[in-house]
Amino acid sequence: MLNLTKSAEAFAEAKTLMPGGVNSPVRSYANVDCNPPFISHAKGSKIYDIDGNEYIDYVLSWGPMVVGHAHPAVVKALQEAAERGTSYGAPTLLESELAKLVMSVYPSIEVIRMVNSGTEATMSALRLARGYTHRDKIVKFIGCYHGHSDSLLVKAGSGLATFGVPDSPGVTKGVAADTITVPYNDIDAITRVMDEHGDEIAAIIVEPVAGNMGLVLPKQGYLAKLRELTEKHGTLLIFDEVMCGFRASLGGAQAAYGITPDLTCLGKIIGGGLPVAAYGGRRDIMNCVAPAGPVYQAGTLSGNPLAMTAGIETLKIITAEPEPGEPDYSRKLTLQTKKLVLGFERLAKENGVAVQVHQAGSMFGMFFNENDVYDYATSAASDQQKFKVWFKTMLENGIYLAPSQFETIFMSGAHTDDDIDKTLAAAEKAFAAVAKASK
């Protein structure tokens, strides 16, 4: 039995200090009916709690740690940067260096603005879209999460499309009413909405590879249809690649699927584990942002030198030229991820457990579901009890996963073949436990 005595004590105290004891809801482990381990440190592919337990980490701070925890090059650069000062609130060469690195991988981004979180990036991109098009309405997809700004926290209703209603207290009906929600991967639904309201819609915002209802892939031709419809109606297409950027492929989902959006939101990896995100795109659109244009957006810590440094070092590592005959960083990660995915599928089948496993580059998701998962409704139909058994068994055996079936699993360059072998050994026990609990 895993000893989490100190973590339980720490969580009890934290609940007296912070809402639910955490600073982001999913960390509370409420979905899996147990207390979260409190982490003391991490290195490479491993994470360690205050009770002294070691885990192979597939959460990776929810995606950013693509080169592993505490990579020596990143740590060294941060130490040197900290000695020069932690924040200036003024322009630096570091901002331009990171901008050029991002643009070299994402040619759709001609001008970029650095911000501090994915929520800030998507919120700002939508404000920019409204300012550029002089339209109010936006379209988002049910199950796609774009942060907690008011216009994006809307509840999905029944039917093909629903005008938003607040999904959280504190969000006004007026703000939510300008957001239209549509089922993900439903071409008929989005076509109908655009036929009826296209000339009123400023932007369609989408996770091109959905990562917040579990990992759900776009159907063939779906993203191309979004591009076609937005061009037809003068609507901007915004790709929220905060999660799938640099993971679905080095150039994100837009490179993997060959679709050029008008605006792109990035985060997680571009900060190398520090709070960094960005939005960028076509020059004529981005030049509407202050001080070049009238759409206002600002941030005291945007472009912070420590954050820029971590992002620069991380991108240098993942964009470096490989040794002759070796796959590049992104390809190598994809192959390692595929090895783990195939192992999970094989073990599930051997134990008679129905699963759906989706992979996009170095990220993947698994659903305890007999049927294909292609949108929020089919994702929500997955078996939560089986997931809880799976999750707890994996944790007991030293595998650190996201405590929800509706989160995504990540691989890093620090994960070794030995890590994968140990993970599959734990998974064999976990699938057996699921099969036993299902009888």
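Reply: The model is predicted: local features need pLDDT of at least 70, side-chain atom pairs need 80 or more, and totals for chains, interfaces and linings use all residues. Residues are numbered from 1 along each chain as its sequence is written, and side-chain values use heavy atoms, without hydrogens or water.

The second largest pocket has a volume of about 490 Å³, the space filled by probe spheres set on grid points joined across faces, edges and corners. A pocket here is an open set of points on a 1 Å grid over the protein atoms alone where a 1.4 Å probe fits, with protein on both sides within 12 Å along at least five of seven lines; lining residues have an atom within 4 Å of a point. Its lining holds 20 residues. Which lie nearest the centre? They are Glu95, Ile112, Arg113, Met114 and Pro291. Helix α3 (93-105) and strand β4 (111-115) each give at least two residues to the lining. These elements are DSSP runs numbered from the N terminus: helices are H or I with at least four residues, strands E with at least two.

Lys316 counts as partly exposed because its relative accessibility is 40%. Glu97, at 31%, is partly exposed too. The cut-offs are under 20% for buried and over 50% for exposed, with partly exposed in between (1.4 Å probe, protein chains only).

Helix α10 itself is mostly covered, with 13 of its 15 residues buried. What span should α10 have? At 1.5 Å a residue, its 15 residues (305-319) should span 21 Å, and the end C-alpha atoms agree, being 21 Å apart. The expected value is 1.5 Å times one less than the number of residues. At the start of α10, a side-chain oxygen of Asn304 comes within 2.9 Å of the backbone nitrogen of Leu306.

The whole structure holds 14 salt bridges. Asp262 and Arg282 form one, with the closest N and O atoms 3.0 Å apart. This pair joins distant parts of the chain: Asp262 lies in the loop between α8 (252-257) and β12 (263-267), Arg282 in the loop between β13 (277-281) and α9 (283-286), 20 residues apart. Asp262 is buried, at 5% relative accessible area. Arg282, at 28%, is partly exposed.

Arg346 bridges to Glu350, with the closest N and O atoms 3.4 Å apart. The two are four residues apart in helix α11 (329-350), so about one helical turn separates them. Arg346 is partly exposed at 43%. Glu350 counts as exposed at 53%. Elsewhere, shared partners join Arg227, Glu231, Asp262, Arg282 and Asp284 into one salt-bridge network.

Methods
Polar contact = N/O pair within 3.5 Å; in protein donor to acceptor, adjacent residues only side chain to side chain. Salt bridge = Lys/Arg side-chain N within 4 Å of Asp/Glu carboxyl O.
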